[in-house]
Amino acid sequence: DKGGHKHFMAKEIAEQPHVIAEAIRHYLPVGEDAVHLPDGGIDFSEVERLTLVACGTAYYACLTAKYWFEKIARIPVEVDVASEFRYREPPIPGKTVALFVSQSGETADTLAALRYCAGKADKILSVVNVAESSIARESDLALPIHAGVEIGVASTKAFTCQLSVLLMLALKAAADRGVITPEDLDANIAALRSLPNVLAAALEQNDTIRQAAQKLSESRDVLFLGRGLMFPLALEGALKLKEISYIHAEAYASGELKHGPIALIDKHMPVVVMAPRDALFDKSVSNMQEVMARKGKVILVSNADGIAEASDGVASCIQMPDIHDNLSPILYAIPAQLLAYHTAVAKGTDVDQPRNLAKSVTVE
Ligand code: M6R
């Protein structure tokens, strides 16, 4: 049942305020001022290293979580795609926690990577949507994301629920280690509680995003740029676009532009810049100007302040509500998903069942 939507993907994008509210309610019960984990949880105070492993979109959730765990909880983090990790057989030093992220809980490479870590890592955690999955069963602690069944092959609500759970886990780790002030923790928790409403406001930009997607649908290649927490999100935006619209899309950390990809820029190249007005904004703007100086068509995704400051010469702007910096990747996932969705619809591709792809990759 698509609930009145044309595609499951559209339904699942629209469900995000609701499912994220669910995820948050499970980890931050009403009236509580700390993050609660199921089944005895985990104490991060002695953890020296975190290894995050996943595939595809779940891997981008891990890349985002690296920024959170390092910045908020001060834990060194390694992130790897499961297919590389499992055959590289990396050393796992003591006091390492290994964390596996998977919507299905059945991805073959992720499961193999988990089995490699069993008996080596201090603790095996997983962040899963399917609670009865192999990955959940074989972990010491499985953290459900409460996204509900996801049918579209392109992952949407599972991604933002994974991010929400990973951010709450990073906050819990920071509290365990005494590296976050009570004020900071409260501000993050308050922002998480407001997230469902903020996401609902972002979904109201649907028409603007559809118009921007018209331009993308006529392009052969699209570049996504982002810095900091927006870099993994840029990668996710590019993956979503290529999966369902079959347009070649790539993402770079904005600072890498001059190290190669700027050679691609001409008037035929749309460049999606994900840049809330945060501490790195000025640097993103100067990258954006480098793109425009070479006639690249910029689609700027930012908040009101960012757009007021930097929209000169930009082909289109998509305005997001204001949010705590730490939560920006969860919010900016909405325009990334909708850009891909409307581009695919404009091209007439099979949005829910893109060619050559399976929902769950259970064989290598
Ligand atoms: O079920 P999993 O989260 O382990 O799946 C991982 C990837 O196969 C998955 O995220 C894939 O990249 C999606 N098609 C992305 O939209």
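**Charged pairs and cores**

Modeller: Both Glu15 and Lys157 are buried, where buried means under 20% relative accessible area, exposed over 50%, and partly exposed in between, with a 1.4 Å probe and protein chains only. This is a predicted model, in which local features need pLDDT of at least 70 and side-chain atom pairs count only at pLDDT 80 or more, while totals for chains, interfaces and linings use all residues. Residues are numbered from 1 along each chain as its sequence is written, and side-chain values use heavy atoms, with hydrogens and water left out.

Biologist: What does Glu15 form with Lys157?

Modeller: A salt bridge is a side-chain nitrogen of Lys or Arg within 4 Å of a carboxyl oxygen of Asp or Glu. Glu15 and Lys157 make such a bridge, with their closest N and O atoms 2.7 Å apart. The two partners are 142 residues apart, Glu15 being in the loop between helix H1 (8-14) and helix H2 (16-27) and Lys157 in helix H7, where helices are DSSP runs (H or I, at least four residues) numbered from the N terminus.

Biologist: Is Lys66 buried or partly exposed?

Modeller: Lys66 counts as partly exposed because its relative accessibility is 26%. Its side chain meets that of Glu70 in a salt bridge (3.1 Å, N to O).

Biologist: Which residues touch the most other members of the largest nonpolar core?

Modeller: A nonpolar core is a set of buried Ala, Val, Leu, Ile, Met, Phe, Trp, Tyr and Cys residues joined through side-chain atoms within 4.5 Å. Among the 101 residues of the largest one, these are Phe44, Trp68, Phe69, Leu192, Leu195 and Phe224. Helix H7 (residues 157-176) gives the most to this core, namely 13 residues.

Terms used. Helix = DSSP H or I, 4+ residues; strand = E, 2+ residues; numbered from the N terminus.
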